[in-house]
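This report walks through selected features of the model shown below, beginning with the contacts of a single side chain and widening from there.

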Amino acid sequence: MKRLSFLVFLLFFFSIPVKAAGILAVCEDGRLPTNCPRNSIKFPTYEITGNRTIVEYRIDPGALGDFNSSTLESSVSEILTKWEDISSLDIQAEGNGFIPFDVNPSNYQSILEPSSPLGYSPIVFDDNGAILTDILGFGARQDVLGFAATRFYTTRNGAIENIFESQTLINGFLFTLRNRPDFNSEAEMLDNFKTTVLHEFAHMVGLDHSQGGQVDDFLDLGSGLSDEQKSTFPVMFPVAINPTLDLQRDDIVAMNIGYPRNSIVSGTASISGSVINGNNGVRAVNVIAYNIDDPLGELVTSVTDIDGKDQGNFFIPSLNPGTYVLKIEPIANAFVGGSSVGIHAPDSNTSSIPSAFYNGSEDLLLGLNLEQGLSQAFPIVLTAGQELENITINIGEEPKSFSLRGRAVNSLNFLNVGRNSRANLRIVKEGSGTRLITLSTPNPELVSFSRNPVRIGVRRNAKRVRVRFRPFNEFLAIFPSLSSSTIEIPITATDTVTGDSVTTNIEVF
Ligand SMILES: [Zn+2]
């Protein structure tokens, strides 16, 4: 029963799959946000009217494991006030507050997968986990506390606007004391039920998971963490680890992205920027801002590519004034599927993402623990209302002012006998302004360019250069090995202002 220490909260989507960071994302046309056409990504929330957002729910009238209906009813309404207290949410029981019948394996589809809206967002109590087993398969009821999904949206001109209705299921197999050797009493188990409702309800209104600020400790120690350490994990961590019912700052900030409450967001500051590798944005990076005076109490996270623009952008709002340090780390490989964090799952690039603290000017400090990072990393002092933008964290190569692309790059070029051959090289400007690029090769007697230097003006973003190769017999005179194998001719392009240079080898035979 060791697996009980890793009970997970799942995030599911029955009809429209939605995923993102902080607030869940969806494409305007309902596709996965990772496949959105440019600029069509949306972060749907329930509709905000004035400064209130009304969410109407009903609970299952049946039992859940060892808990009877009246315990469940009072626990749900009690715990949901935690979200109301820190946001603009106004969470109400709709009608008499109960789904019209006890939801069971033979009728759940009409509630969890209805073909039209029900008029309320249902919270289903799966008495012994039989519905969960039907949906997720045998074994799931021993690991999964519950799941949530957003199912109906309001749309305008076919584009998704707001969440209209959502639903959740809580797994009663795990709220049966004989199945929970990790609990000493029903009271402990009831707190776990309340935490689960707190977590799943946040998904219902559009919140994603958070990796928090101490995932390494979690991966190293798991349930061996001290109670004090566990108590600082966000409620939106994908795994049920925090035994308290306390929302963490990271949870509160995420909810206030969707449903801002003036007393929470006013007088705060923000940090935004991007994590890049050379000229490319990096996905699936957890960016953490730690307040150095209370690092585990006042930490806020963002996952890169929060806007789906593939530029590695992150955004950390609602930071109380103070001094912060930034840390980056990969999203853990365990957090995929229903446990995922952010738009992108960890992939083959994730292994190149370091765990590191930001040291200003794109610089990184590697191999530090939290205590060392807090004292050694670049301190960012934030004042009330400050919006610190354009923080760039580079995990790899220096960004270049241009790149080389085209048919000539990394391609094989046939040389002709008795006449010139040619290939096209494209020089692509990164960023704005003008570029003056000089081309060179160690074999100018064999290779020449249609223009050199190459000027790219303010209004253009690329220019094509024709690369001319002398006839095969002239190459053979200098490279005798060409008779039996290919050779590589390096071409180097250099920005005359920045000195950035890119070398590409053109293979010829
Ligand atoms: Zn979850």
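## A tryptophan and its core

In this predicted model, Trp83 touches Leu89, Ile91, Leu198, Phe201, Ala202, Leu207, Met236, Leu247, Asp251 and Met255, leaving aside residues up to four places away in sequence. Trp83 belongs to the largest nonpolar core, which has 47 residues and in which Trp83 and Phe193 have the most contacts. At least two residues of this core come from each of β5 (53-59), α1 (69-85), β6 (89-98), β7 (121-126), β8 (144-156), β9 (159-171), α4 and α7, and the largest share, eight residues, is supplied by α4. Apart from this core lies another, of 25 residues, including Val447, Val467, Phe475 and Ile491.

In soluble globular proteins, nonpolar side chains tend to be buried together.

Helix α4 covers residues 186-204, and its 19 residues should span 27 Å at 1.5 Å a residue, which agrees with the 26 Å between its end C-alpha atoms. Of these 19 residues, 15 are buried, so that α4 is mostly covered. Just after α4, Gly206 adopts a positive phi of about 110 degrees.

Helix α7 (residues 249-258) is largely enclosed by the rest of the structure, because nine of its ten residues are buried.

## The zinc site

The zinc ion is coordinated through the NE2 atoms of His199, His203 and His209, at 2.0 to 2.1 Å, and these donors follow the spacing H-x3-H-x5-H along the chain. His199 lies in helix α4, whereas His209, ten residues away, lies in the loop between α4 and α5 (215-221). Both His199 and His209 are buried.

An α-helix has 3.6 residues a turn, so residues three or four places apart point the same way.

Lys327 is found in strand β15, which covers residues 322-330. With a relative accessible area of 10%, Lys327 counts as buried, the cut-off for that term being under 20%. Residues up to four places away in sequence again being left out, Lys327 touches Asp216, Asn286, Val287, Ile288, Tyr290, Ser355, Ala356 and Phe357.

## Domain layout

The protein chain is divided into domain 1 (2-208), domain 2 (262-394) and domain 3 (402-508). Between the C-alpha centres of domain 1 and domain 2 the distance is 28 Å.

Technical notes. Residues are numbered from 1 along each chain as its sequence is written. This is a predicted model: local features need pLDDT of at least 70, side-chain atom pairs count only at pLDDT 80 or more; totals for chains, interfaces and linings use all residues. Side-chain values use heavy atoms; hydrogens and water are left out. Helices (H or I, at least four residues) and strands (E, at least two) are DSSP runs, numbered from the N terminus. The expected span of a helix is 1.5 Å times one less than its number of residues. Buried means under 20% relative accessible area, exposed over 50%, partly exposed in between (1.4 Å probe, protein chains only). Domain bounds come from an automatic or database domain assignment. Donors are N, O and S atoms within 2.8 Å of the metal (3.2 Å for Na, K and Ca); water is not among the atoms, so sites may look incomplete. Contact means heavy atoms within 4.5 Å. A nonpolar core is a set of buried Ala, Val, Leu, Ile, Met, Phe, Trp, Tyr and Cys residues joined through side-chain atoms within 4.5 Å.
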